[in-house]
Amino acid sequence: MLGMKVLGPDGASFELREDPDGLLCTVLDGDLSEDMAHALAAACLHVVESGREVLLLCDARRAGALPPAVRKVLADEMRSVRLVGVAVVGASFAMRVVATLTAKSIELLSGQLYPVKFLATEAEGRAWLLTQREALRAKRGPVA
């Protein structure tokens, strides 16, 4: 299981953990830095390489900005990651706009859907992500 905390400039912090149900959970306090974005991409790639689906639950209640350099890192490094879903909890209007644009740029670069949903609570986010995973598994059918 993954677990890490990355400290950024101006007291910002980024926590990432993998929960027992397979969700990657992040908590951002402050502005996302390039180092934090690299850590997120590396964790997602680790999950993909292990043969599992990537489901992100992002707590954005205390999130700051996603600067252009960070959006570029995410677009470049996340395009090879097949995301089943990203649930963002507590995002401000500005964060929703920037996150949506970032997701659309990743979709354009990767040619894959990058489903993002903005929700009010962590419970809603978990429920949506688990539903996304079950729908994907139902499409695939039984594993032999």
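Two strands count as paired if DSSP finds at least two bridges between them. Helices (H or I, at least four residues) and strands (E, at least two) are DSSP runs, numbered from the N terminus.

This is a predicted model, where local features need pLDDT of at least 70 and side-chain atom pairs count only at pLDDT 80 or more, while totals for chains, interfaces and linings use all residues. Residues are numbered from 1 along each chain as its sequence is written, and side-chain values use heavy atoms, with hydrogens and water left out.

Strand β4, residues 54-63, pairs with strand β5, residues 83-89, in the parallel sense over six bridges. In this pair, Leu57 stands opposite Ala87 of β5.

Now the whole sheet. It is open, has six strands in the order β1-β2-β3-β4-β5-β6, and its pairing is mixed. β1 (3-7) and β6 (116-119) are at the edges with a single partner strand each, so one side of each has no neighbour in the sheet.

Next, helix α2, residues 68-78. Which of its residues are buried, meaning under 20% relative accessible area with a 1.4 Å probe, protein chains only? They are Val70, Val73, Leu74, Ala75 and Met78. These buried residues pack against α1 (34-49), β5 and α3 (93-110), with contact meaning heavy atoms within 4.5 Å.

Last, the lining of the largest pocket. α4 gives the largest share of that lining, four residues.

Note on methods:
Buried means under 20% relative accessible area, exposed over 50%, partly exposed in between (1.4 Å probe, protein chains only).
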